[in-house]
Amino acid sequence: MLKKIVFIVVLVCTITSGFSQYDVDSLKTILNKTENKKEKLSTLGDLAIQLSKNSSDEQEIYFRKYIVLAKDLEEYDSMASTSRYLVQYYIYQRELEKAQQLCDSLLSYKPFFKKPSSEAHLLLKRAAIYFKHENYDSAIKDYSGAQELFMQSGDSIYAADAYYFCG
């Protein structure tokens, strides 16, 4: 009985891993063949997020490419929204300086954001960095700012997160 359970678990893990790798490979193929910059941006985002879900170290490369292309296309809200995954990657890697530099760099595009949630997501991530550095005053300021911006955009779940972490 135990052998059957182990076999089933291994089989399911193998199949799941195979499908996720297929997605990554097919997205890379689409990315290489795509000439349209808007389509390339969309595919880069999908690829980077899929790599993030797979905990791949390649995700950093594709998130960076996404940020550069989004900036070139003046898709600042998309740039801010998607870059939060890269910030989180840096936080998990304990590369807090890189994470903070990225947040600060992206927040410099604040005048170009059309949605308040773009700034709010970056403030939420930067607040987490401040918290890890035990800079609680700055963390509270960013959590509070994120909470207000999320409420403006109607993202009450993220606002609740910001409010919770601020406490």
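Which residue just after helix 3 takes a positive phi? Glu 74 does, with a phi of about 60 degrees.

## Basis of the model

This is a predicted model, in which local features need pLDDT of at least 70, side-chain atom pairs count only at pLDDT 80 or more, and totals for chains, interfaces and linings use all residues. Residues are numbered from 1 along each chain as its sequence is written, and side-chain values use heavy atoms, leaving out hydrogens and water.

## Overall architecture

The protein contains 8 helices and 0 strands (DSSP runs, numbered from the N terminus: H or I of at least four residues for helices, E of at least two for strands). Of its 167 residues, 39% count as buried (under 20% relative accessible area with a 1.4 Å probe, protein chains only).

## Helix 3

Helix 3 covers residues 59–72 and reaches 20 Å from its first C-alpha to its last, close to the 20 Å expected at 1.5 Å a residue (1.5 Å times one less than the number of residues). Its buried residues are Gln 59, Tyr 62, Phe 63, Tyr 66, Ile 67, Leu 69 and Ala 70.

## Packing of helices 5 and 6

Helix 5 (residues 96–107) packs against helix 6 (residues 116–132) at an angle of about 150 degrees, their axes 10 Å apart (lines fitted to C-alpha atoms over the stretch in contact, with angles from 0 to 180 degrees between N-to-C directions). The two helices are therefore roughly antiparallel (an angle over 145 degrees).

Residues in contact (heavy atoms within 4.5 Å) include Leu 96 and Cys 103 in helix 5, and Leu 122 and Ile 129 in helix 6.

Key: Buried < 20%, exposed > 50% of the residue type's maximum accessible area, 1.4 Å probe, protein only. Parallel < 35°, antiparallel > 145°, perpendicular 65-115°, else oblique.
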